[in-house]
Amino acid sequence: MDIVKSTKKVANEIEKGVEVVSNKVAETFDNLASHLPFANLAKKEDSTFHVEVDLPGVKKEDIDIKVEDDVLVISAVRHFQNEVTRDDYYICESSYGKLERRFVLPENIDSESITASYENGRLEIDLQKTKKAQPRSISIK
């Protein structure tokens with residue numbers, strides 16, 4: 001009878017431990033997701049692709065865009081400091097962090113013709129298909 005009670009006790013402790021760990025994992029993923037910049041992806045009628053990434057508070061010179069093995073990598077560093085000094089108090093809030101988003105590209109994207117623009121915290125990237133992959137009309141003789 002004591003073996004049954006001790007086995008149940010151990011099982012309950014293991015179950016509580018698993019619950020704590022899974023809650024921590026969920027918290028970690030929620031925290032990670034809250035630091036990812038929002039992105040919109042669109043395929044245009046002419047079969048090109050358009051990517052918009054929100055990077056508020058990021059300077060243009062702190063953004064890096066590259067293509068590695070058919071993956072579009074957008075990384076940025078956010079530097080933020082809000083300092084308030086008054087006669088009776090001082091507040092300095094700052095944050096620093098690296099942001100990164102990765103998008104797997106179709107094989108037929110021409111990495112040499114990717115264009116990007118940045119204005120008011122929004123990065124816009126246009127991706128063109130290779131000439132070979134673009135549709136073309138064939139005339140009949």
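Biologist: Is Glu 52 buried or exposed?

Modeller: This is a predicted model, in which local features need pLDDT of at least 70 and side-chain atom pairs count only at pLDDT 80 or more, while totals for chains, interfaces and linings use all residues. Residues are numbered from 1 along each chain as its sequence is written, and side-chain values use heavy atoms, with hydrogens and water left out. Buried means under 20% relative accessible area, exposed over 50%, and partly exposed in between (1.4 Å probe, protein chains only). Because the relative accessible area of Glu 52 is 17%, Glu 52 is buried.

Biologist: Which residue forms a salt bridge with Glu 52?

Modeller: A salt bridge is a side-chain nitrogen of Lys or Arg within 4 Å of a carboxyl oxygen of Asp or Glu. For Glu 52, the closest N and O atoms of the pair are 2.9 Å apart, and the partner is Arg 122.

Biologist: How many residues apart in sequence are the parts that Arg 122 and Glu 52 tie together?

Modeller: Strands are DSSP runs (E, at least two residues), numbered from the N terminus. Arg 122 forms its salt bridge with Glu 52. Arg 122 belongs to strand 7 and Glu 52 to strand 2 (residues 49–54), so the distance in sequence is 70 residues.

Biologist: In which strand does the residue Asp 126, the bridge partner of Thr 115, lie?

Modeller: Two strands pair if DSSP finds at least two bridges between them. Strand 6 (residues 115–119) and strand 7 (residues 122–127) pair in the antiparallel sense over 5 bridges. The bridge partner of Thr 115 is Asp 126, in strand 7.

Biologist: What is the phi of Asn 120, in the turn of the hairpin?

Modeller: Strand 6 and strand 7 form this hairpin, with 2 residues between them. Asn 120 is exposed, at a relative accessible area of 74%. Most residues other than glycine have a negative phi. Asn 120, however, has a positive phi of about 50°.

Biologist: Which residues are linked with Lys 66 in a network of salt bridges?

Modeller: The side chains of Glu 68 and Arg 102 meet in a salt bridge at 3.8 Å, N to O. That pair links distant parts of the chain, with Glu 68 in strand 3 and Arg 102 in strand 5 (residues 90–104). The network links Lys 66 with Glu 68, Glu 100 and Arg 102.

Methods:
Helices (H or I, at least four residues) and strands (E, at least two) are DSSP runs, numbered from the N terminus.
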